[in-house]
Amino acid sequence: MLFFSYFKDLVGREVTVELKNDLAIRGTLHSVDQYLNIKLENTRVVDQDKYPHMLSVRNCFIRGSVVRYVQLPPEGVDIELLHDATRREARGG
Amino acid sequence: MLHLFARTQKQKKLVHNLSCRGVSHIDFGSLKMSGGPGLESLVDQTISVITNDGRNIVGVLKGFDQATNIILDESHERVYSTKEGVQQLVLGLYIIRGDNISVVGELDEDLDAHLDLSKLRAHPLKPVIH
């Protein structure tokens, strides 16, 4: 639940989602759900020459299970808060 | 007034149940947002699906469920290769199991109309490796 809440706070930010097929998609985070499925708006593929497969797609839904990384804006990361929250979750409380 | 906001059968039923209990206002817009990134907004639109084995299937979204299983109507596959332009294979009505889906993209009809598929060359997408 921690990362679900975390991603919900990032809605509206510009992120890059790298998938497990090496495709990287950049766009504005529109929404996220319990499975960490992600919806992006104003999307563009990072290397369009190599991957022209989504040239006519501007909004997309990415299945959580195929996400390898989500690259965040530096100002979207509060390390102190994440440290506290992950430690609390690891303790089981 | 409540019924004005309800569009789908499900919403109308919900409204009926709630008005029996005295609830007078629901904002279905915000309900949808809190539901996260569902595919409701893409129903009856043309979508482009990328599957885990790297295929690209384009069709009209007719239905979906919690597990991202989807029903596509009038679908075709776009086969990418480096030797020739994009080939389109007619598939028709398709059900794709959610496990096998990577990305569901809303196809912008204008952008797609301006795309010259016969000149587009690229390697097929790599399969997903978990």
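**View 1. Pairing of strands β1 and β2 within chain B.** Strands β1(B) and β2 (residues 56–64) of chain B run antiparallel and are joined by 5 bridges, where strands are DSSP runs of E of at least two residues, helices are runs of H or I of at least four residues, both are numbered from the N terminus, and two strands pair if DSSP finds at least two bridges between them. Within this pairing, B:T46 has B:V60 in β2(B) as its bridge partner. The model is predicted, so that local features need pLDDT of at least 70 and side-chain atom pairs count only at pLDDT 80 or more, while totals for chains, interfaces and linings use all residues. Residues are numbered from 1 along each chain as its sequence is written, and chains are lettered from A and ligands numbered from 1 in the order in which they are written.

View 2. Between the chains, strand β4 (residues 57–62) of chain A pairs with β5(B) in the antiparallel sense over 5 bridges, and A:N59 stands opposite B:E106 of β5(B).

**View 3. The side of chain B that touches chain A.** The contact takes 30 residues from chain B and 27 residues from chain A, two residues being in contact if their C-beta atoms, placed from the backbone, lie within 7 Å. On the side of chain B that touches chain A, the elements giving two or more residues are β1 (46–51), β5 (101–107) and α3 (109–113) of chain B, and β5(B) gives the most, with 7 residues. By class, this side of chain B has 17 nonpolar, 9 polar and 4 charged residues; here Ala, Val, Leu, Ile, Met, Phe, Trp, Tyr, Cys and Pro count as nonpolar, Asp, Glu, Lys and Arg as charged, and the others, Gly among them, as polar.

**View 4. The largest nonpolar core and the surroundings of A:L40.** This core has 34 residues, of which A:V17, A:L40, A:C60, A:I62, B:V49 and B:V104 touch the most other members. A nonpolar core is a set of buried Ala, Val, Leu, Ile, Met, Phe, Trp, Tyr and Cys residues joined through C-beta atoms within 7 Å, and a residue is buried if 20 or more other C-beta atoms lie within 10 Å of its own, exposed if 12 or fewer, and partly exposed in between. The elements that give two or more residues to the core are β1 (14–19), β2 (24–32), β3 (38–45) and β4 of chain A, together with β1, β2, β3 (70–79) and β5 of chain B. When residues up to four places away in sequence are not counted, A:L40 touches A:V17, A:I25, A:G27, A:T28, A:L29, A:H30, A:C60 and A:I62.

**View 5. The fold of each chain.** Chain A, with 2 helices and 5 strands, follows the pattern α-β-β-β-β-β-α along the sequence, and 29% of its 93 residues count as buried. Chain B has 3 helices and 5 strands, its elements run α-α-β-β-β-β-β-α from the N terminus on, and buried residues make up 25% of its 130 residues.
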